[in-house]
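Work through the exercises below with the sequence and the model open. Each task is followed by a solution in steps.

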Amino acid sequence: MVYPETFEGFAVHSKETWASPKRTEFKPRPFEETDVDIKVKACGVCGSDVHTVTGGWGSCPYPLVVGHEIVGEVVNVGSQVNGLKIGDRVGVGAQAFACLNCKQCKNDNEIYCKHQLDTYGSTYPGGFVGQGGYASHVRVHEYFVFPIPDALETTLVAPMLCAGATAFSPLYRHGAGPGKKVGIIGIGGIGHFGILFAKALGADTWAISRSDAKKADCLKLGADGFIQTNEKDWNVPHELSFDLIVNCANSNQNFDLDQYLSLLDVNGKFINVGLPEGDGFAFHPFKMLGNGALFGFSHIASRKEILAMLNIAAEKNLKPWIETIPVGEAGCGEALRRCHENDVRYRFTLTDYEKQFN
Ligand SMILES: [Zn+2]
Ligand SMILES: [Zn+2]
C-alpha cells in the first residue's frame with residue numbers, strides 16, 4: 001500500500017544519470033491541517049526540471065522527483081482547508097509554500113516572499129525535501145492549489161501552471177492590453193504562451209526570434225507581427241515602438257541586448273523570465289538613455305495571477321501546443337532529454353498516470 005504512508009515517483013538519482021529517472025518510493029512530509037493531497041493525473045515538463053537535474057543551476061538534492069506543472073484530483077484535505085474538497089480537479093505550479101504573513105505575501109506577491117519554497121528540491125523546516133509531479137501524489141499547502149475551470153482540458157492546462165503563468169504574470173502586471181505593442185522574445189515553451197496570452201489580453205503582439213523557422217507557428221498562434229534578428233540592423237525599422245517586451249529566451253549566446261532595448265518606446269519595459277545558465281547580461285548604460293528604458297525580471301506568478309490566467313484561458317478557449325508522453329521511467333527520461341535538446345513544439349505533458357500508479 002503506497003499511499004498515504006509513502007508516494008512513488010520517477011526520481012533522478014545523480015547528475016550523471018539525469019536522463020534515466022528510476023521508479024522510487026519516498027516518504028512525503030508530515031500532513032498538516034492546511035494541506036491537500038493530490039493524486040496526479042498529468043504533469044508538464046519544464047525547462048527548470050532539466051536545469052535542475054543536470055546540475056545546470058547548481059547542486060540539487062538527489063534523489064529528486066521533479067515536475068511543477070501538476071494537474072490531479074484532490075484525495076485528502078486537512079481540517080483547515082476551506083476552498084477545496086475531495087474529488088476536485090486542481091493544479092499546482094512551481095511554488096508550494098510561503099509565510100503568507102509578510103508584506104509581500106499580504107500584497108499578492110507571495111512569489112517574492114523570503115520564505116517561499118519551490119515545489120520540488122526545497123527543504124522544509126524539519127528537513128523534508130519537496131518532491132514534484134512525476135509522481136503518484138503530491139502534498140501541498142492549499143494556498144498553492146488552484147481549482148481548474150471545467151472548460152480546460154487536463155493535458156492542455158498542465159503546462160500553464162508554470163510556463164503559462166511565467167509568461168502571463170509580466171504581461172498582466174505591466175499592462176499588456178488594447179493599444180499596447182508587446183514583443184515576445186524566444187518562442188519556446190514559455191514564449192509560445194507569451195504570444196497566446198498577450199493576444200488574449202488584447203495587445204498588438206509581435207514575436208521576436210533569431211530566424212524565420214518559427215514564423216508560421218507564431219502567426220498561427222496569433223502573433224500580429226514577426227521580427228527576425230539574424231540580419232544586420234534588424235532592430236532599426238522597429239526602434240522606439242514597443243511598450244513592453246518579455247524575454248523568454250533560454251540562452252544568452254550572441255544576444256545583443258542593446259539592440260533589443262532600442263525597440264522600446266519611452267519608459268518601455270524589458271522584462272526577463274528566462275534564466276539561462278552561465279554568464280548574465282551585458283549592456284551599456286548610454287543605450288538606455290535614448291528611450292529611458294526600464295529593465296527588470298519576473299518570477300513565476302502569484303495565486304491571484306494564476307486564477308486570472310485560468311479564467312482568461314477558459315473564456316478565450318486558448319489552446320497551447322502540447323505533445324504528450326506517457327509517464328514512466330522511459331517517458332520521463334525521453335521528455336527530459338528532448339526538452340534539453342529543445343526538441344518539442346512547444347511543451348510536453350506526461351499522461352497515463354493511471355497505468356503506472358494504482
Ligand atoms: Zn511571506
Ligand atoms: Zn517551470
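**Exercise 1. A salt bridge in a helix**

Which side chain meets glutamate 334 in a salt bridge?

Step 1. The model is a predicted one. In it, the side chain of glutamate 334 pairs with that of arginine 338, at 3.1 Å from N to O.

Step 2. Find the two residues in the chain. Helix H10 (residues 329-340) holds both glutamate 334 and arginine 338, and they are four residues apart, about one turn of the helix.

Step 3. Glutamate 334 has a relative accessible area of 29%. Buried requires under 20% and exposed over 50%, so glutamate 334 is partly exposed.

Step 4. Look beyond the pair. Glu334 and Arg338 belong to a network of salt bridges that also links Glu323 and Asp343.

**Exercise 2. Two further salt bridges**

Compare the surroundings of the arginine 139–aspartate 37 pair with those of the lysine 85–aspartate 88 pair.

Step 1. Take the distances. Arginine 139 and aspartate 37 meet at 2.8 Å, N to O. For lysine 85 and aspartate 88 the closest N and O atoms are 2.9 Å apart.

Step 2. Assign accessibility. Arginine 139 and aspartate 37 are both buried. Lysine 85, at 54% relative accessibility, is exposed, whereas aspartate 88, at 17%, is buried.

Step 3. The structure holds 15 salt bridges.

**Exercise 3. The zinc sites**

List the protein donors of each zinc ion and describe the geometry where it is given.

Step 1. Start with ligand 1. This zinc ion has the donors Cys99 (SG), Cys102 (SG), Cys105 (SG) and Cys113 (SG), at 2.3 to 2.4 Å. Their spacing along the chain is C-x2-C-x2-C-x7-C.

Step 2. Cysteine 102 is in the loop between strand S6 (95-97) and helix H2 (103-106), and cysteine 113 in the loop between H2 and strand S7 (117-118). Cysteine 102 and cysteine 113 are buried.

Step 3. Test the angles at ligand 1. The four donor atoms make angles of 104 to 118°. The tetrahedral class needs all angles between 85 and 135 degrees, so the site of ligand 1 is tetrahedral.

Step 4. Turn to ligand 2. Cys46 (SG), His68 (NE2) and Cys162 (SG) coordinate this zinc ion at 2.0 to 2.1 Å. The spacing of these donors is C-x21-H-x93-C.

Step 5. Histidine 68 lies in the loop between helix H1 (47-53) and strand S4 (70-77), while cysteine 162 lies in the loop between helix H3 (154-157) and helix H4 (163-173), 94 residues apart. Histidine 68 and cysteine 162 are both buried.

**Exercise 4. The domain interface**

How many residues of domain 1 are in contact with domain 2?

Step 1. Domain 1 covers 7-162 + 301-356, and domain 2 covers 164-297.

Step 2. Count the contacts. In domain 1, 27 residues touch 26 residues of domain 2.

Step 3. Give the area. About 2300 Å² is buried between domain 1 and domain 2, with 62% from carbon and sulfur atoms. Glu305, Trp321 and Tyr346 of domain 1 lose the most area to domain 2, together 28% of what that side buries.

Step 4. Two salt bridges are found across the interface of domain 1 and domain 2.

Notes. Residues are numbered from 1 along each chain as its sequence is written. Chains are lettered from A and ligands numbered from 1 in the order in which they are written. This is a predicted model: local features need pLDDT of at least 70, side-chain atom pairs count only at pLDDT 80 or more; totals for chains, interfaces and linings use all residues. Side-chain values use heavy atoms; hydrogens and water are left out. Donors are N, O and S atoms within 2.8 Å of the metal (3.2 Å for Na, K and Ca); water is not among the atoms, so sites may look incomplete. Helices (H or I, at least four residues) and strands (E, at least two) are DSSP runs, numbered from the N terminus. Buried means under 20% relative accessible area, exposed over 50%, partly exposed in between (1.4 Å probe, protein chains only). Four donors count as tetrahedral if all angles lie between 85 and 135 degrees; four count as square planar and six as octahedral if opposite donors are over 155 degrees apart and all others between 65 and 115; anything else is irregular. Domain bounds come from an automatic or database domain assignment. Contact means heavy atoms within 4.5 Å. Buried area is the accessible area (1.4 Å probe) that two parts lose on being put together, summed over both. A salt bridge is a side-chain nitrogen of Lys or Arg within 4 Å of a carboxyl oxygen of Asp or Glu.
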